[in-house]
Amino acid sequence: ERYKDQCDVVYIGFSGGKDSVALLDLCDQVLPVECPVIFSDTDMELPDTYKVWQEVQDRYEGSKRRFLKAKNPVPALENWYKIGPPSRTIRWCCSVYKSSPVEKALRDSGLSKFKRKLAYVGVRSDESLTRATYDEIGEGVKNASQINAMPIHSWGAHELFLYLFKHNLTINRAYRYGLPRIG
């Protein structure tokens, strides 16, 4: 309600990890179906992430919610050779393979004309020291024209998994191999 007059589009971000699966389920309960789900396909995803993307679309098939895939047309490895692989200190990946493709997907779908956006994102404080400093609402954090709403920011991993189990939601198999984060 607070931002509805300040933004021309609201969308739900999706990465294929546990946080975005839980976030989508929560958002689907309260946000109108006009709010699309946007999967940022970085071209560096694990095979199980694509399976989760398909399973999630199948789960919400009757809801009439739009599911969009945002993808940079340049393969990730091509940019790795030019720039070097993304790392904690060289963070070109998010802008090139997430933010810009999402902007283009919104524009191409007719949902946004470069105005302000409200994105619901599955970011939690216990994922990193940097994320622990975020507020639940972040204005211009990674994109000047975007407000990030992080409704599960204060959830711990145990709360998240309990929610996923309780609601019988898809869990990316990559977690079974010991990966702490996906997407």
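## Close-up views of pockets, a cavity and a surface patch

**View 1. The largest pocket holds about 1600 Å³ of space.** Welcome to the first stop in this predicted model. A total of 48 residues line the largest pocket, and the closest to its centre are Cys-94, Lys-98, Arg-131, Arg-181 and Gly-183.

**View 2. Helix 4 gives the largest share of the lining of the largest pocket.** That share comes to 5 residues. What classes of residue make up the lining of the largest pocket? There are 22 nonpolar residues, 16 polar ones and 10 charged ones.

**View 3. The second largest pocket has a volume of about 250 Å³.** Its lining begins with Glu-1, Arg-2, Tyr-3 and Lys-4, and also takes in Val-10, Leu-31, Pro-32, Cys-35, Leu-118, Tyr-120, Ile-137 and Ala-149. Sorted by class, the lining of the second largest pocket has 9 nonpolar and 3 charged residues, with no polar ones.

**View 4. The largest cavity has a volume of about 30 Å³.** Around the largest cavity you can pick out Val-21, Leu-24, Val-56, Arg-59, Tyr-60, Leu-169 and Thr-170. Helix 1 and helix 2 (47–59) are the elements that give two or more residues to this lining. By class, the lining of the largest cavity is made of 5 nonpolar residues, 1 polar and 1 charged.

**View 5. Leu-77, Trp-80 and Tyr-81 make a nonpolar surface patch.** The patch covers about 380 Å². Where does Trp-80 sit? Trp-80 belongs to helix 3, which runs over residues 76–83. Is Trp-80 buried, partly exposed or exposed? Its relative accessible area is 31%, so Trp-80 counts as partly exposed.

Methods: Residues numbered from 1 in each chain as written. Predicted model: local features only at pLDDT ≥ 70, side-chain atom pairs only at ≥ 80, totals over all residues. Heavy atoms only, no water. Patch = residues over 30% accessible without salt bridge, like charges linked within 9 Å, V, L, I, M, F, W, Y side chains within 5 Å. Areas by Shrake-Rupley, 256 points an atom, 1.4 Å probe, with all protein chains shown as cover. Salt bridge = Lys/Arg side-chain N within 4 Å of Asp/Glu carboxyl O. Helix = DSSP H or I, 4+ residues; strand = E, 2+ residues; numbered from the N terminus. Buried < 20%, exposed > 50% of the residue type's maximum accessible area, 1.4 Å probe, protein only. 1 Å grid on protein atoms, 1.4 Å probe; cavity = no way out; pocket = protein on both sides within 12 Å on 5 of 7 lines; lining within 4 Å. Points joined across faces, edges and corners; volume = space filled by probe spheres on them. Nonpolar A, V, L, I, M, F, W, Y, C, P; charged D, E, K, R; others polar.
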